[in-house]
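Here is a short briefing on the packing inside one protein chain.

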Amino acid sequence: MGLFDNFKKAEVRSLENPNAPVSAENFLHIMGWGDFQSSAGVTVNIDNALGVPAVWAAVNFISGTLASLPLEVYRGNERVTDGIGAWLNRAINPTTSSFQWRKYSYEQVLTGGRSVTLILRNGRGDVTDLVPLDPADLHVQEQVTAEFPTKTYRSRSRVYQASEVIDLHFMLKHNQIDIRGPVMTNKDIIVLAIAAARYGSKAFQSGGIPPAVLQGPFQSGAAAQRASEDVASTTARLAREGRPVMALPAGHELKSVGFSPEQMQLLELQQFCIEQIARIYALPPVFLQDLSKGTYSNTEQQDLHFVKPTLRRWIEQSEQEMNLKLFGRESDFEVRFNVDSLLRGDLKTRMEAHATAIQNGIKTPNEVCEKEGMEPLPAGDDLMIQGATVATESLDAGEKEFS
């Protein structure tokens, strides 16, 4: 009767004892669905959050797009093509490209919530290199000076002043030092997405059969244990063989104690998680490859939405932080992201924009040639305008002269 006592003890503890609630920890684990329990109680970190396809797509899409934009330096309206203006868009140091640096930085911001880059200067104070730092190894503190409080960034080996680093963040807390990262702040919806994915995997692994209770005329706990093991092994074998029918001995009954993916609306739950993650990153769902509600017209509008509210926020923050830390408050140098490059893959729209600029005297033909990587034209440095568009005063003068 020892085995029978153990069987009874487990059954009473999980199903009948009012002091032990029927939860994922106590109930589904005993029913053999330990993986579902770990999904519901998973500890969220950046690595498993990136295992959610919607989070992976959002982080890669935003960071890759921002990293691909040309980063140019201007003094007033004149572009700087030497010094920092030459290498900032190519390689920030001898081993790191500008694209690699920016993609890494935005990946840190869009997951943990902060990225930090060290600024190296020569003896004259000119910026020579940029070095991305691991934000997990830095401790940010407030330093009170005689004028105003500032920040210090402490690593294992040294302390950096705020003026020595480019600090990008997702959202600051009230003390303006600590940050709120999108992954940890929205951990509940990410847990839900992870749990839904793992539940679906577990359902397919078991042939789509939810947890069940076997009822029958068991004479002992050992008999119940053997019958349960026989049913479990038979169910697994039938799932592997693709056979949908299982015979039970007379007097036995198998009752489901879980829900099928259809009953749980698993597909609707996964769709809901995609929409919630899109909201976290202010992304139109079509950029997470969700075209369930996409049409030709609204997809085009969502493309504009991505450039205006989503990208502009990150561009403005990055430009202002780099301008302040690289050049200072009073400098007439500034960094600009070239958003026009987003049209690089849209030849028709790009050419129409160039034609409009030339015909209305906004750009010279050679300015357009430079943007398109073409050789300058012999007479392409003059501004042009449509011949039929003239001032009304000149028309009056011409009519008087003709008369």
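Leaving aside its neighbours within four places in sequence, with which residues is Leu326 in contact? The partners are Ile84, Ile119, Arg121, Val127, Leu130, Ile166 and Val335, where contact means heavy atoms within 4.5 Å. This is a predicted model, in which local features need pLDDT of at least 70 and side-chain atom pairs count only at pLDDT 80 or more, while totals for chains, interfaces and linings use all residues. Residues are numbered from 1 along each chain as its sequence is written, and side-chain values use heavy atoms, with hydrogens and water left out.

**Cysteines**
- Cys273 is buried at 3% relative accessibility, buried meaning under 20% relative accessible area with a 1.4 Å probe and protein chains only.
- Cys369 is buried too, with a relative accessible area of 7%.
- The count of disulfides (pairs of cysteine sulfur atoms within 2.5 Å) is 0.

**Lining residues**
- On a 1 Å grid over the protein atoms alone, a cavity is a set of points where a 1.4 Å probe fits but cannot get out, and lining residues have an atom within 4 Å of a point.
- Trp101, Arg102, Ser105, Tyr106, Ile166, Leu168, Ser318, Met322 and Phe337 line the largest cavity.

Key:
Buried < 20%, exposed > 50% of the residue type's maximum accessible area, 1.4 Å probe, protein only. 1 Å grid on protein atoms, 1.4 Å probe; cavity = no way out; pocket = protein on both sides within 12 Å on 5 of 7 lines; lining within 4 Å.
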